[in-house]
Amino acid sequence: VICRTLSLRDIFSLSAAAVQIILLITYASYFEDIFKGVSINNPLRWAERFTPFGMHPNLAGLSFSAYVIVLASQLPNCGAIKRVSLYISMIACVVIVLACSARAGLLALAVSGVAVGVEASFTQKRTLAYFFAATVIGAVISLFFADKIYAYLSDILELDSATRGLDSGGSGRVEMWRQGIELLLNRDLTLLIGAGFRTANVEYIGFSTENSYITIALEFGIVFLALFVGQLSTWAWPVWNTRGSA
């Protein structure tokens, strides 16, 4: 009903307003917890990861990372005051993601930002100028403050941790992904059509796949996985094409 009565522009505008209300409620309710989450040298960081409203920190990180994209969608069509409020809100979202120590959310946000920036640079000259300026500013800041930035992020995101660090194989997930792929490739006809719903549960295969796409391939086969990914692209394509007009 909403999609049939409101334009895409209105939906994004209302979504951005809702995000800003969510941010106000979150900071009003958890300001001390957020501050503690982004403070360095906290020996209890893992136990005290920010969990707003009882959400899992990884889920909260992905949610608030996605909010940045929603807010950014309003930047091309707003005045100076609203643009400032949007930038402040986007920074507030990133702070929450850092407080959650949600590396996947930050990575998804970075990849999405680069992809959108590159695509927009080919279609909008003003966006190309902004993207180039942001790249130069980021490079200069990194050049002069690289050590401090890495030290801060390494502490906040536990990049050197034995269990969560860069050398931990995704906290052991890489090994689970390898097992899932090997199990998939060693199948016969079920490689194409899958073994059935929930047959990739731990009690059946002995380990957690820790990957939705591997789970789909094991349960429904690579044919359904290909159809699923294709369907995702057909849902995203109309929004991508109308992003400039929205």
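**Inside the model**

In this predicted model, the largest nonpolar core has 29 residues, and Leu23, Phe50, Leu71, Cys93 and Ile96 touch the most other members. A nonpolar core here is a set of buried Ala, Val, Leu, Ile, Met, Phe, Trp, Tyr and Cys residues joined through side-chain atoms within 4.5 Å; buried means under 20% relative accessible area, exposed over 50%, and partly exposed in between (1.4 Å probe, protein chains only). Two or more residues come from each of α2 (8-37), α3 (57-72), α4 and α5 (103-123), with α4 giving the most, eight residues. Helices are DSSP runs of H or I, at least four residues, numbered from the N terminus. A second, separate core of nine residues includes Leu184, Ala200, Phe207 and Ile214.

Now for the rings. Rings of Phe, Tyr and Trp (its six-membered ring) pair if their centres lie within 6.5 Å; planes under 30 degrees apart count as stacked, over 60 as edge-to-face and the rest as tilted. By this rule there are five aromatic pairs. The centres of the Tyr30 and Phe53 rings are 5.1 Å apart and their planes stand at 90 degrees, so this pair is edge-to-face. Tyr30 sits in helix α2, while Phe53 is in the loop between α2 and α3, 23 residues apart. Ring pairs also link Tyr30, Phe50 and Phe53 into a cluster.

A word on the numbers: residues are numbered from 1 along each chain as its sequence is written.

Methods:
Predicted model: local features only at pLDDT ≥ 70, side-chain atom pairs only at ≥ 80, totals over all residues. Heavy atoms only, no water.
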